[in-house]
Structure formats: structure tokens, C-alpha cells
Amino acid sequence: MTDGPALSTTDGPALPTGPRDALTDVPGLRVGHARRTGDGALTGTTVVLAPEGGAVAAVDIRGGGPGTRETDALDPRNLVPRVEAVVLTGGSAFGLDAASGVVGWLEDHGRGFRVGPGPAQVVPVVPAAALFDLGRGGDWRARPDAALGRAAAEAAAATGPGAPVAEGNTGAGTGAVAGGIKGGIGTASTVLPDGTTVAALAAVNAAGSFADPRTGALYGRWFEGRPVSLPPPDVHAAAVRRLAAAREASRARSAATAHPPLNTTLAVVATDAALTRAQARKLAGTAHDGLARAIRPVHLLSDGDTVFALSTATRPLASGASGPSEEALAEPVFGVHAEAAALNGILAAGADTLTRAVVRAALAAETVDGPGGVFPSYRELYGES
């Protein structure tokens, strides 16, 4: 979009991204996707694999229709201190079977919560959340299973440190749709002044939309700290007509798309800063602000919006030249405020980075035109942005 009024939203210099601008910029994290397409299938699974020994994890669920597994284990009051993997999957409640394949893969590699002295005596605790994409390929019964979850875990394990992360129509984003526009996987990262990395990955599949129906502009663009160009009115008018035609075609082709859809956006926000489980839970909660900036409306009863937070804990909180001194942190009165200030920077970056991940998902998605329906991409409707 080069035409239309450019409106500046800049209120300060943007923070740099990591080398890949991806979740894998947090050292030790790996991402693997597996998908099923064709023969009525349009679905998939994404696995975020932690370093061996696991990561501190938390979750915050805001949508009214969540489909989850093992999320109670992430309550800071409960026993398991770290998890080895998190699963995002299509298939609604049926797709949670994908987590069983990840549990099996972890057990085969001796990874999980140790319950005995032997190396094989582990119970992998794998939190998972599902989005609703049933029927979008044409076959209501095409959904992820344990084999697909294992394939995604194997794909994650096969990547190297800091590997790029595939975006768009892959993994849990394969059958994702947001407001009738094709959704998908997006990822982004931010490096704070003290060197701490905060990153996010989202599978965008919302009852709401990431595009303003009045202008076609991506909501998340307003929070990226740079000028925003609105689509020309004639381009927006053509996009509205195309989207309406796609919706009618979808209703005609598939009973699954003949009624208002169920949805759900899933996300993982991660950092290399050492967080407690309670602090990680706060990060998961404030990251939802990033969804609210990029998707409207959000957190509806027909969404199951879920954000996981991971801390690999390889950097001390408030480390680096820009952080408080060791003396300040040790001071009984000031120390708690210094730690809170350092955490606040991570919380703010988590929300901002998740907003960017949603924008990237919108721009990476590709049009799907199949037996389950027609879901045009944002780029088809509005061009490059």
C-alpha cells in the first residue's frame, strides 16, 4: 500500500528485532510444523520445543470457548516446575490428540517430569490448545492426530539453533481464518536495551478480524511505531466485494461454513529472562493486550483465545548495562521496584511483539480455494503492505 494518507504513529525509536525476527531468537527454542491438506483436509499442528530440561511455563485463557489440555499443570501453585513442549493445533477438541504424539516423542527421548531414578521414568507434561478449523478443507472428520503431533515434534527437533520459522498456511495456521480472511502462523521478536529477547508466535484464527472493515488497514499496523498507509478507496471497495463473494461461495460449498464459525487465536510468548512461574503468568496475561490491538473483536464466546508464556531462564532478570545495579537489586526497599521495572519492560515487549506476530500472520497467509470454502488472503485483497 503506497497510496492513501500516511498517518504517523511513531512515539519513539523502535526496538531492534532478533536475527530471525522469530520465536527461535530466544536461544534454545525450536518450532516445528506438520499439516494435512488435500482430500478434504486443511489443518495442522505446531510444536514449540523447549531446551532439554524444559522451560518455565504459564498460560492465560481469555476466550469463552477454549479447547485445552494440561493447562492446570501450569498453575504456579502446582507441582511441575517446567515443561518440555507446548502444542498449538487445529481440529478443535479432537485435535488435542496431537499432544499425545508429542508426549510419546518426549518419552522416547527421556524428556519430561522425572518420577523415578531410571532415565525412562519420566512423565512428559505437554500443555496444548486447539483452534477450530473443522470442515474448512471439506471433510469434517479431517483433523490432527497423535501421528501429526509426533511429526511436528520431530520437525522441531530437526531444526538447528535459531532456525527460521515458517509462517502463513502451515502448522496450526493451515486452516486458520480470521473474519473471513485467511489467517495463519506469524512470528516476531524484540531485543530489549539490556539484551533480553522477547518473542512471540501466533496462530491467528479469530471470529473478529485483523483488518478494519471501514478502511482495510491492518489494526496491528497502528502500534508498530511507523507511518500507516490506508488502502485506496477503490482497492478497499473491490476487496469488500471479493470477500462477500468468497463468503457466499463458502456457504454454497460446505455445510461447515454455512453458519457463524467457531474460532480461537493461539499464541506463545517467550523470553530468555529468568522468570518465576508467577511472573510468566503475568507475561501471558499482558500479552493478550497484543491480541486486542491487532484483532477486533477479540476474546468472544466463540473464540478460545489462549496465550502461553515460556521462560528459558538463561539471562538474569534486570541484567545488562541498562538494568539496575546489583547493589540496587539487593537493597531491601528499592530491589522489589527495580525488579518490577525490569519485568515491566518484558511485559510491554511481549504485548507489542505479539501484535507484530499477528500482522505477520496476516501478510504471510495465502488464499485457499477448495471444497471447504474460499478464504482469500489479505495480500490478494489489498496487495503487499
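Predicted model: local features only at pLDDT ≥ 70, side-chain atom pairs only at ≥ 80, totals over all residues.
Residues are numbered from 1 along each chain as its sequence is written, and side-chain values use heavy atoms, with hydrogens and water left out. Local features need pLDDT of at least 70 and side-chain atom pairs count only at pLDDT 80 or more, whereas totals for chains, interfaces and linings use all residues. Helices (H or I, at least four residues) and strands (E, at least two) are DSSP runs, numbered from the N terminus.

Strand 2 is antiparallel to strand 3 (residues 41-49), and the pair is joined over 9 bridges. Within this pairing, Gly44 of strand 3 is the bridge partner of Arg35. The loop between strand 2 and strand 3 contains Asp39, whose phi is near 55°, a positive value in a residue other than glycine. Most residues other than glycine have a negative phi, and most peptide bonds are trans. Asp39 counts as exposed because its relative accessibility is 83%; the classes are buried under 20% relative accessible area, exposed over 50% and partly exposed in between (1.4 Å probe, protein chains only).

Axes are lines fitted to C-alpha atoms, for helices over the stretch in contact, and angles run from 0 to 180 degrees between N-to-C directions.

Helix 2 (residues 98-108) and helix 3 (residues 146-158) have axes that come within 6 Å and cross at roughly 50°. Helix 2 is therefore oblique to helix 3; angles under 35 degrees count as roughly parallel, over 145 as roughly antiparallel, 65 to 115 as roughly perpendicular and the rest as oblique. The contact (heavy atoms within 4.5 Å) involves Ala98, Ser100, Gly101, Val102, Gly104, Trp105 and Asp108 of helix 2, which meet Ala146, Gly149, Arg150, Ala153, Glu154 and Ala157 of helix 3. By class, this contact has 6 nonpolar, 4 polar and 3 charged residues; Ala, Val, Leu, Ile, Met, Phe, Trp, Tyr, Cys and Pro count as nonpolar, Asp, Glu, Lys and Arg as charged, and the others, Gly among them, as polar.

Strand 12 (residues 185-191) is largely enclosed by the rest of the structure, because 7 of its 7 residues are buried. Ile185, Thr187, Ser189 and Val191 point one way, and Gly186, Ala188 and Thr190 the other way. Strand 12 pairs with strand 13 (residues 197-203) in the antiparallel sense over 7 bridges, with Val191 opposite Thr197. The hairpin has 5 residues between these strands, and Gly195 takes a positive phi near 95° there.

The loop between helix 5 (277-294) and strand 16 (306-315) contains Pro297. A cis peptide bond joins Arg296 and Pro297, with omega about -15°. His299 lies in the loop between helix 5 and strand 16; phi of His299 is near 60°, a positive value in a residue other than glycine. With a relative accessible area of 24%, His299 is partly exposed.

How values were computed
Pairing = 2+ DSSP bridges.
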